[in-house]
Amino acid sequence: MKIADIRTHVLLDPGYDREATSSAQDTIVVEVESDDGLVGIGETDLNAWVARACIEAPGTHTMDRGLRESLLGRDPSDPAGLWEELYVGTAMTGRRGAGVHALGALDIALWDLLGKAEGVPCWRLWGEAAHETLTPYASLQPEVSSFDAYVESMVGWGSRAREIGFRAVKLEATFSGPYVHKGLAGPDERVVEVVQSVRAAVGTELTILVDVQYAFGRDVERALRMAEALAEHDVFFLETPLWPDDLERYAELCARSPVRIAAGEWLSTRHEFVDLVERGGVQVAQPDIGRVGGFTEARRVCDLAARRERLVVPHAWKTGISVAAAAQLATVTPHMPFFEFLPAELCESRLRKALVQDELVFSEGGLGLPEKPGLGVELDRGVLAEFAEVARRAAPVTS
Ligand SMILES: [Mg+2]
């Protein structure tokens, strides 16, 4: 088997809003096609035009090769070996950030392709199932413009998530900091108000996670006050209370917080997770499978977390491709109690709702394990073409 073609598709949701804070409004989808006609797919979470450039740019010397051109003609049956080669071969542009995020989309596609070639789901290429069913958590971020509407929406969505079959929800409760938007700015007490309202509506059996999206910047004491307030409401973790570069402040917070602290959604490579876990002391590592560098690197982060006795709960705020990827990784990872699952029924993104088919369904108590070959999802070609056209119109020069 050889890699015969690599295609990139920049996609934009027709209803995208530049003022919204949601990376599920656009994506880059990569397809890796073998000479026998099999196609693996992947995606990653960064500016989709930048991702395309990282993949398609030609190389000019041995330490700055092009990702796409390096893969063409190669045997795709050893994705981890190819990862190493691409990581080293793009060192002057890559190693961290966008270059590794883009490599992640290709790595996911290579594992999807290999699973399809072998006729097994990706997770069977890595080991035994560690769970009988999977426990996704529903990420809830109402797009509204007043606090009252936000609480009402969150309570409604929390109840609906429980009806669908979710056993955990994450409340994006952000009222200050860089993610605050649409008139929701307000005092920190609002976070607790939201948790109380949802808890009252959904009962005690649903696990509640809280994400404040960097709301407290560099202020450890303010973050600690929040953690202490949330501890009284049985919150499983508090996500990204501080700006991620401040590892000393994370270390102080993690040592004192009565609630687990989670972070890592923006990081690339296991090397950044070594810092986050060892210097930052974070209890829950949250790799985004595409951004961290694909399955190859995400699995290394899982190994690192296991050695340091930390949990892993991956980030996946994108399309059904990323959700399917997280499900594959969760299947073989015992210390992954939840994974992020943006419910199609409870989000605004048409890309999330419509791009892929054949998603996992809830059975009694959770999601059934993935059994179809590869990632187990297929692109809807009509949606792909429609959203690619929206992207072309939005950026006529670069796409
Ligand atoms: Mg987050």
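Reader: How many helices and strands does the chain have?
Author: This is a predicted model, in which local features need pLDDT of at least 70, side-chain atom pairs count only at pLDDT 80 or more, and totals for chains, interfaces and linings use all residues. Residues are numbered from 1 along each chain as its sequence is written. Helices (H or I, at least four residues) and strands (E, at least two) are DSSP runs, numbered from the N terminus. The chain has 14 helices and 15 strands.

Reader: What is the radius of gyration of the chain, and what does the globule rule give?
Author: The radius is taken over C-alpha atoms, and the rule is 2.2 Å times the number of residues to the power 0.38. For 399 residues the rule gives 21 Å, and the chain is close to this, so it is as compact as a globular protein of that length. The radius of gyration is 20 Å, against 21 Å from the rule.

Reader: Into which domains is the chain divided?
Author: The bounds come from an automatic or database domain assignment. The chain is divided into domain 1 (3–124 + 379–394) and domain 2 (127–376).

Reader: Which element gives the most to the side of domain 1 that touches domain 2?
Author: Two residues are in contact if their C-beta atoms, placed from the backbone, lie within 7 Å; 48 residues of domain 1 are in contact with 42 residues of domain 2. Elements giving two or more residues to that side of domain 1 are β2 (26–34), β3 (39–44), α3 (79–89), α4 (97–118) and α14 (381–394). The most, 14 residues, comes from α4.
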